[in-house]
Amino acid sequence: MAKSLHITHLKRKPVNGLFAAVPGLGKVISGMFWKTKRKTEKTVSQETFGDFEYDLVRSARRTLAMHVKSDATLVVRAPSPMPLSEIEAWIAKKARWIETHQKKFKARKTRPLTYQDGEKHLFIGQKYPLKLTRARRGGVTLEDGGFFITTPDPGDRQRTERLLKAWYKAEAETLFEDRLSALFPLMEEKLAGKGYKKPSLKLRWMKRQWGNLHTKGVMTLNIKLVRAPTELLDYVIIHELCHLEHMNHGKGFKALLGELMPDWKHKKKALEEYLT
Ligand SMILES: [Zn+2]
């Protein structure tokens, strides 16, 4: 679910630290996370109530909130001092809602990719089956009927994965550059006179981020975005472009994002559901 973006897991190291530790990279001013957030001053504990297991996030908030993540985990947010009994009473009241949503996510849970013949893989929002053929040289071609892959050993799944990922990367390089070139003028127009330069693009396979923007004018995008429809890629690019002006996700950032892409919330949600 959309809100799975903003969960704090104390088990995980802050991702920010990873970047800070890399010499020569400078400072990452923004990261677009989908699995962790770096907010602190919260406590997270694993709780059980009846049949429900849930992550309880206590913080300085004033109200109760809950959501079900795309992996069907229930997360409950509560004010720090609230007694557990009060939280549990509320969970009991919401039992039906929780069950409905957990069921939905469990049913949709995607299996890991196996890279076997016939398995479907995404490219710009469309699914194509893999068609594996034995040949001396490895290669990938996309046609209407699917991804035609030649490989010395069709049974070697890791090799197939490498071939396909190399293909994705090459495609992403062209596509992402095109989209950035198409979208940057919108930003230039909106912020005329500020002298922003089009960021240069870097592509990576990333586990926790869709993209980030670097103080040195480098936008890094997750190659995985090449699987999503272009409008969702556009959302990430516009989001990162907004960080040229605003280095956080505050009101100013959201206002600018809303002007450039009025339905960004919808896109954000769609993206999380598409590629998690
Ligand atoms: Zn951001």
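Reader: To start, how many helices and strands are in the protein chain?

Author: The protein chain of this predicted model contains 7 helices and 12 strands.

Reader: And what percentage of its residues count as buried?

Author: The chain has 276 residues, and 27% of them count as buried.

Reader: Turning to helix 4 and helix 5, at what angle do their axes cross?

Author: The crossing angle is roughly 50°, and the axes come within 10 Å. Helix 4 covers residues 157–190, while helix 5 covers residues 230–242. The two helices are therefore oblique to each other.

Reader: Is that crossing left-handed or right-handed?

Author: Helix 4 passes helix 5 in a right-handed crossing.

Reader: Which residues meet there?

Author: Helix 4 contributes Arg-179, Leu-180, Leu-183, Phe-184 and Met-187. Facing them in helix 5 are Thr-230, Leu-233, Asp-234, Ile-237, Ile-238 and Leu-241. Sorted by class, this contact has 8 nonpolar, 1 polar and 2 charged residues.

Reader: What does Ile-237 touch, leaving aside its neighbours within four places in sequence?

Author: Ile-237 is in contact with Arg-179, Leu-180 and Leu-183.

Reader: Now the largest nonpolar core. Which of its residues touch the most other members?

Author: Those are Leu-225, Val-236, Ile-237, Ile-238 and Leu-241, in a core of 27 residues. At least two residues of this core come from each of helix 4, strand 11 (209–214), strand 12 (218–222), helix 5 and helix 6 (251–260). Helix 5 supplies the largest share, with 8 residues.

Reader: What lies apart from that core?

Author: Another core, of 11 residues, lies apart from it; Leu-56, Val-57, Met-66 and Val-75 are among its members.

Reader: Back to helix 5. How do its axis and that of helix 6 cross?

Author: The axes of helix 5 and helix 6 cross at roughly 140° and come within 9 Å. That angle makes helix 5 oblique to helix 6. Helix 5 passes helix 6 in a right-handed crossing.

Reader: Which residues make up that contact?

Author: From helix 5, Ile-238, His-239 and Cys-242 meet Phe-253, Leu-256, Leu-257 and Leu-260 of helix 6. The class count for this contact is 6 nonpolar, 1 polar and no charged residues.

Reader: Lastly, among contacts between residues at least 6 apart in sequence, what percentage join residues at least 24 apart?

Author: Among those contacts in the protein chain, the figure is 49%.

How values were computed
Residues are numbered from 1 along each chain as its sequence is written. This is a predicted model: local features need pLDDT of at least 70, side-chain atom pairs count only at pLDDT 80 or more; totals for chains, interfaces and linings use all residues. Axes are lines fitted to C-alpha atoms, for helices over the stretch in contact, and angles run from 0 to 180 degrees between N-to-C directions. Helices (H or I, at least four residues) and strands (E, at least two) are DSSP runs, numbered from the N terminus. Angles under 35 degrees count as roughly parallel, over 145 as roughly antiparallel, 65 to 115 as roughly perpendicular and the rest as oblique. A crossing is left-handed if the near helix is turned anticlockwise from the far one by less than a right angle, and right-handed if clockwise. Two residues are in contact if their C-beta atoms, placed from the backbone, lie within 7 Å. Ala, Val, Leu, Ile, Met, Phe, Trp, Tyr, Cys and Pro count as nonpolar, Asp, Glu, Lys and Arg as charged, and the others, Gly among them, as polar. A nonpolar core is a set of buried Ala, Val, Leu, Ile, Met, Phe, Trp, Tyr and Cys residues joined through C-beta atoms within 7 Å. A residue is buried if 20 or more other C-beta atoms lie within 10 Å of its own, exposed if 12 or fewer, and partly exposed in between; C-beta atoms are placed from the backbone.
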